[in-house]
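Keep the sequence and the 3D view open as you read.

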Amino acid sequence: MSDRKAVAPGKTRLGWIGTGVMGRSMARHLMEAGFELSVFSRTREKAAELLEMDAEWVDSPAEVARRSEVIFTMVGFPSDVREVILGEDGVLSGAKAGLVIVDMTTSEPTLAKEIFERAREKEVASLDAPVSGGDVGAQNGTLSIMIGGEKTVVEALQPCWDAMGKTIVHQGEPGAGQHTKMVNQTLVAAGMVGVCEALLYASRAGLDLETVLQSVSSGAAGSWALSNLGPRIIAHNFEPGFYVEHFIKDMGIALAEAERMEIKLPGLQLASELYRKLQEMGHGRKGTQALQLALAEMSGVDWTEDGDRD
């Protein structure tokens, strides 16, 4: 891949598969940077914004491959990744030599390696490039992008990374991007438990929650979750920047990898159990900050907008 040419707006045709909460904004940034896009999503309506910007709609992942030089996938679960890339009508079935596949879904490191090997058989390059930053990062083009795969391929896609993210790091071999995302999600899990428990404590102590945030968010306790999701919790806004059900999937992957590597992550295990309780309450399609509802219920506190927290 040493002779791989850099992509360029107006010259390189891109493909995009998956137009959910984050994918739609990420694809929009690529179009705003001047790239032409062919798009496929299970629900065409979710691609409406991109189609209005003159993206081309196609009817299958295989057709995206036939029309593109670089394809980005941003779907929900590893099973979705397998279907859209390795499936009967997936990207590889329509791929030609020289294509680059970039999976930005948070998925399994082992699947990333499998895709790399299967792609290489067809002289196709493959990168795993999961992201962190949630809906805000996707909307603002400030995502952290963690990349596994061949360095020359990563470097050739720099204009794409720059359009979508602020922190772009090549982590190493295929699967390394996904492993790094598992590190990220382990940190996020512990952080969300802390944010929700702290706000629950502050509420029961009779403190003004917004005033509390002023004091604690800029000190040693400060975090992205506290600054960005704390205000949403206080405002009873549990709409998704990142779905609970997807976070449960991520924690499951991390715990499975930890078991394979023979290490214990009791904090992550606890967070996973708490989020599963939240899902059982019917909040799987809410944002990760909805964990507050599960912790509040465990303490007999009503955190709904009209609820009594005293």
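## A serine in a loop

Let's start with S41, which sits in the loop that runs between β2 (36-40) and α2 (48-52). One thing to keep in mind throughout: this is a predicted model.

Is S41 buried or exposed? Its relative accessible area is 9%, and the cut-off for buried is under 20%, so S41 counts as buried. Its side chain makes a polar contact with the side chain of T19, at 3.0 Å. If you skip the neighbours within four places in sequence, the residues in contact with S41 are G18, T19 and W57.

Next, take a look at helix α10, residues 209-216. Which of its residues are buried? They are L209, V212 and L213. Looking down the axis of α10, you'd find the buried residues within an arc of 105°, so they line one face of the helix.

What do those buried residues pack against? Their partners are α9 (176-204) and α11 (224-234). Over on the other side of α10, E210, Q214 and S215 are exposed.

## Aromatic pairs

Now for the rings. The structure holds five aromatic pairs. One of them joins F72 and W161: the ring centres are 6.4 Å apart and the planes sit at 85°, so this pair is edge-to-face. The pair ties together distant parts of the chain, with F72 in strand β4 (residues 70-73) and W161 in helix α8 (residues 158-164), 89 residues apart. Both F72 and W161 are buried.

Another pair is F247 with Y275, where the centres lie 5.1 Å apart and the planes are at 85°, so it is edge-to-face too. F247 and Y275 are both buried.

Back to F72 and W161 for a moment: ring pairs link them with W16 into a cluster.

## Charges over rings

Finally, two charged residues lie over ring faces. K249 is placed over the face of F77, at 6.0 Å from the ring centre. And where does R285 lie? R285 is over the face of Y243, at 3.8 Å from the ring centre.

Note on methods: Residues numbered from 1 in each chain as written. Predicted model: local features only at pLDDT ≥ 70, side-chain atom pairs only at ≥ 80, totals over all residues. Heavy atoms only, no water. Helix = DSSP H or I, 4+ residues; strand = E, 2+ residues; numbered from the N terminus. Buried < 20%, exposed > 50% of the residue type's maximum accessible area, 1.4 Å probe, protein only. Polar contact = N/O pair within 3.5 Å; in protein donor to acceptor, adjacent residues only side chain to side chain. Contact = heavy atoms within 4.5 Å. Arc of directions from axis to C-beta. Phe/Tyr/Trp six-rings, centres within 6.5 Å; stacked < 30°, edge-to-face > 60°. Lys NZ or Arg CZ within 6 Å of the ring centre and 35° of its normal.
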